[in-house]
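Please keep the sequence and the model open while reading.

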Amino acid sequence: MEGADAQGTPARSSGTPPAERSDAAEFEDRWRRAAADLDNLRKRYARELGRERSAERELVTTAFLPVLDTIDRALEHVDADPRSIAEGVRSLRDQALAVVEGLGYTREDAAGVPFDPVRHEVVGVVDSDATGTAPGSVAQVLRPGYGAPGRQLRPASVTVAQHAGD
């Protein structure tokens, strides 16, 4: 009996014409290739991200090397005149600020400016009459903040002036 198996049972057709089966196989092949391409893209992106992070760490470290050099020179003169040590510390601070600004972040330490909750963190309130500062303004900066437009690294810790009765 043609189309029967060894026990004589007629062979069953899959019910799918051969043309549709080949289309399905082609679609499955395309899907597998697309999935493999996506997987390769993810792996390549992870490698590139690692390289970029490494390059950025290298740039920042290189920018700070002059600061470390100044610290080393200052330590060589630890027994020197205290005024020259203070001058060296100021120079070191200026170098560190230049590095931070070179990375795109400015120091925010201005008093008398209007309080901005994005840029300032209130740690105290003082009487505006006693400080001579307008109400709602920064009276004193206790710790400077650092940031860039749209990106605040750290808000400045400030005291804000307010009328005594408010």
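**Charged pairs and a buried threonine**

D94 is partly exposed, at a relative accessible area of 45%; this class lies between buried, under 20%, and exposed, over 50% (1.4 Å probe, protein chains only). The model is predicted, so local features need pLDDT of at least 70 and side-chain atom pairs count only at pLDDT 80 or more, while totals for chains, interfaces and linings use all residues. Residues are numbered from 1 along each chain as its sequence is written, and side-chain values use heavy atoms, with hydrogens and water left out.

D94 pairs with R93 in a salt bridge, with the closest N and O atoms 3.8 Å apart; the term requires a side-chain nitrogen of Lys or Arg within 4 Å of a carboxyl oxygen of Asp or Glu. R93 is also partly exposed, at 43%. The structure holds eleven salt bridges.

Another joins R143 and E121, again at 3.8 Å between the closest N and O atoms. This pair links distant parts of the chain, 22 residues apart: R143 lies in strand 3 and E121 in strand 2 (residues 120-127). Strands here are DSSP runs of E, at least two residues, and helices are runs of H or I, at least four, numbered from the N terminus. R143 has a relative accessible area of 31%, and E121 has 37%. Salt bridges with shared partners connect E108, D116 and R119 into one network.

T133 sits in the loop between helix 3 (128-131) and strand 3 (138-143). With a relative accessible area of 15%, T133 is buried. Leaving out residues up to four places away in sequence, T133 touches G112, S128, V138, A139 and A161, where contact means heavy atoms within 4.5 Å.
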